[in-house]
Every structure is written in structure tokens, then in C-alpha cells.
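Please open the structure in your viewer and keep the selection tool at hand.

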Amino acid sequence: MPTDDCCCQLPTALREALRSVPGRPQLTVLSGAGASAESGIATFRDAQHALWADFDPAELATEQAWRRDPARVWAWYEWRRRTVMDASPNEGHLALAALESRYDVTLITQNVDDLHERAGSSQVVHLHGSLFAPRCFACARPGTFHGLPPQADSPQSRMNPPGCKHCGGKVRPGVVWFGEALPQVAWKAAEAATVNTSLLVVVGTSAIVQPAARLPERALRAEVPVLEINTTPVLAQHHSAVIAWPCTAAAGLGALASQLL
Ligand SMILES: [Zn+2]
């Protein structure tokens, strides 16, 4: 549920321009942790649990941590997968899915959850990978889970990762760890979608940290209108051309959908 209403309006000229594009206008959305926060998904830095309180999450999200203690790392990601499975898409996710009735929407997300997909969005590019796409650490082919993760309120401190059915290697979480490059296929798709669009919406992320910051910069250079939806807009402070909507993701995306549909 939105925590407050968003009374922000698209500039009339922009709204009319979007409505007058023939066919199905392209909309591109870059979403971050703030888009999932209202579903109860803790942001990465908040993802502390009593069991993990002595650990810095950054210490669990590196290749070094995996090599040192794969059972510890696997257990932590299984706990995160469970918290996502227990959550539901919020009004912001649903508003983005609804926009597909009139627009060709490409969602670029920094989130590793599957809430956009579960809300009904059909084109989701995961810049940072996914909790639901494990792969073999040795041969990189897709892996499978043991089964459902344990309940979130009874996490395990260690779980042996599954074995790869192709090579016998250990299956690792399908997320991008610190120090790893972004998946190239996803990045190329994101770059293309941010310039070949009628509007770029940045929501729930400041989008000022590289490499993601390059996406709104490219859009602005290509004279694509950029809208930022954040409770405290940050991107707009760096780029005067950005339209700032100071509201939550759920309220802001709901307002956007009501103005564009
Ligand atoms: Zn393998």
C-alpha cells in the first residue's frame, strides 16, 4: 500500500506527446530497491537478521566469501529467496504491469527479486541477476534448487549448495556479486532501451552510482525525457532536465499509470 498519495503531474506537453505517439509508445523504467521496499523486501543494507547480525552482507556477496564458505553464502541467499517468496507485488509493480495495455514497457531492474514478473510485467531485464536463476560456479550452466528454501523465520546458518548435474560443480546464486561485471546481455539490452524510448522512468534508485548512472545520462544525451520517482529525488539534483516526483514508488507509479492510461 502506498504510504502517501502522489499529486505530481506530468508536464502537459509531455503527456500529450506520449499520447500522440502512433502505435504502442515505448516506455522504459529503471527500478531499484525502493520499488520493492513497500512490498517489505529489505534493502540490501537492511537485510540483517539476528542470524546474520555479525555479518556484513557485503561479506556474503563476494566470490571470496563463496570460495571460503559456500554453505554459509548459499544459506543466506536461500533466506533472501524465502523473504521474496513470502512478499507480494505492491501497487507500483501492478501499475507498471497495467501500463503494458497501451505501452511497450521495458523494465530494467537492479532488484534480484521477481516481483515485477509476478505483477505481470513481460519484459524484465535484471541488471544484477536474480535470486531465482542459480547457475554452476564451475561451468556456468543453469542450476536447480534443492527445493523450497526454509521458512524465513527459521533460517539456517549453513546449507550445502546443490551440485551441478552437468559437471558436479557447486551451484551458486544467480546474482551479481561485488567485484563482478554486470551480465553483458542485460547491460546491452538496458542501454538500447534507455535511448530507444519515449520516456525513461527512474524509480526507487538514485541512479547516480556507476555503471547504472550511465543509463539516465545516455537518455538525457539522446533527449529522452527522464522522470525520477523517489521520496527524496537525487538524480534530479544532478541533472536539471530530470522531472522530479518526490513520492514513494507505489504512489508515484500509480499516479503515472493513471495519467498515461
Ligand atoms: Zn557445472
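The tour visits a metal site and then a cavity. Please note that the model is predicted.

**The zinc site**

Begin by selecting the zinc ion together with Cys-136, Cys-139, Cys-164 and Cys-167. The SG atoms of these cysteines coordinate the zinc ion at 2.3 to 2.4 Å. What arrangement do the four donor atoms form around the zinc ion? The arrangement is tetrahedral, because the angles subtended by the donor atoms are 99 to 119°. Along the sequence, the donor residues follow the spacing C-x2-C-x24-C-x2-C.

Next, keep Cys-139 and Cys-167 selected. This pair, 28 residues apart, links distant parts of the chain, and both residues lie in the loop between β4 and β5 (171–175). Show the surface at this point. Cys-139 is partly exposed, with a relative accessible area of 27%. Cys-167 also counts as partly exposed, at 42% relative accessibility.

**The cavity**

The structure holds one cavity of 30 Å³ or more, and about 50 Å³ of space lies in the largest cavity. Select its lining: Trp-74, Tyr-77, Glu-78, Arg-81, Leu-131, Pro-134, Phe-145 and Pro-173. Two elements, α5 (70–85) and β4 (129–136), each give two or more residues to this lining.

Which element gives the most to the lining of the largest cavity? Select α5, which contributes four residues. Finally, colour the lining by residue type: six residues are nonpolar, none is polar and two are charged.

Note on methods. Residues are numbered from 1 along each chain as its sequence is written. This is a predicted model: local features need pLDDT of at least 70, side-chain atom pairs count only at pLDDT 80 or more; totals for chains, interfaces and linings use all residues. Side-chain values use heavy atoms; hydrogens and water are left out. On a 1 Å grid over the protein atoms alone, a cavity is a set of points where a 1.4 Å probe fits but cannot get out, and a pocket is an open set with protein on both sides within 12 Å along at least five of seven lines; lining residues have an atom within 4 Å of a point. Grid points are joined across faces, edges and corners, and a volume is the space filled by probe spheres set on the points. Ala, Val, Leu, Ile, Met, Phe, Trp, Tyr, Cys and Pro count as nonpolar, Asp, Glu, Lys and Arg as charged, and the others, Gly among them, as polar. Donors are N, O and S atoms within 2.8 Å of the metal (3.2 Å for Na, K and Ca); water is not among the atoms, so sites may look incomplete. Four donors count as tetrahedral if all angles lie between 85 and 135 degrees; four count as square planar and six as octahedral if opposite donors are over 155 degrees apart and all others between 65 and 115; anything else is irregular. Buried means under 20% relative accessible area, exposed over 50%, partly exposed in between (1.4 Å probe, protein chains only).
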